[in-house]
Amino acid sequence: MAVARRRVNIEEGRAALAAWQAGVAPSSGEPSSGETSSGGPSSGEPSNGETGGEPGSPAGPPPSRTLIATAVRYSLEEVTARAPGNSVEVRVPPFGVTQCVEGPRHTRGTPPNVIECDAATWLSLVTGRISWADAVSNHKLTASGLRADLSELLPL
């Protein structure tokens, strides 16, 4: 199988994902998984007036739209690299869409296996801030079709 061409530079994508993580408060007071941001407080104490109150509350100014777009596009490309195929379509409007997971190829109309969510939910899934089961049970994403379950692939 041919290797998919990446549109987002890997280093830029990782940096955007780390910056997004640093820009949102850890959920339930627990540290987020994955890469740690450089320049952030190592003690886990809130900075810049952060109260650490509600899960998902911003740790400072909200991440820019450009940063969110880069993080989403990079993570979609990473999912496709880890599970190449065309049987599941993952949509994160308005930032990106990808097809992944081996199986029957879809060519016309609405795909039989579709996952759709907003950027914050997608990035939370990718970084392990929320589990697949929690996102589905809390109606944070829609997943239709027999193959529309990325719980084995996430977090990245």
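Residues are numbered from 1 along each chain as its sequence is written, and side-chain values use heavy atoms, with hydrogens and water left out. Because the model is predicted, local features need pLDDT of at least 70 and side-chain atom pairs count only at pLDDT 80 or more, while totals for chains, interfaces and linings use all residues.

**Two helix pairs**

Helices (H or I, at least four residues) and strands (E, at least two) are DSSP runs, numbered from the N terminus. Axes are lines fitted to C-alpha atoms, for helices over the stretch in contact, and angles run from 0 to 180 degrees between N-to-C directions.

| Pair | Angle | Axis separation |
|---|---|---|
| α1 and α3 | about 105° | 11 Å |
| α1 and α2 | about 120° | 8 Å |

The second pairing makes α1 oblique to α2, whereas α1 and α3 are roughly perpendicular to each other. For these words, angles under 35 degrees count as roughly parallel, over 145 as roughly antiparallel, 65 to 115 as roughly perpendicular and the rest as oblique.

**Who touches whom**

Contact here means heavy atoms within 4.5 Å. From α1, the residues L17, W20 and Q21 meet A120, L123, S124, V126 and T127 of α3. That contact is made up of five nonpolar, three polar and no charged residues. Ala, Val, Leu, Ile, Met, Phe, Trp, Tyr, Cys and Pro count as nonpolar, Asp, Glu, Lys and Arg as charged, and the others, Gly among them, as polar.

Towards α2, the α1 residues I10, E12, G13, R14, A16, L17, A19 and W20 meet L67, I68, T70, A71 and Y74.

**A closer look at α3**

Helix α3 spans residues 119–127 and is mostly covered, with eight of its nine residues buried (under 20% relative accessible area; exposed is over 50%, partly exposed in between, with a 1.4 Å probe and protein chains only). Among the buried ones are W122, L123 and L125. The buried residues of α3 pack against α1, α2, β1, β3, α4 and β4.

Just after α3 comes G128, with a positive phi of about 85°.

T80 sits in helix α2. This residue is buried, its relative accessible area being 14%. Leaving aside residues up to four places away in sequence, T80 touches T98, Q99 and C100.
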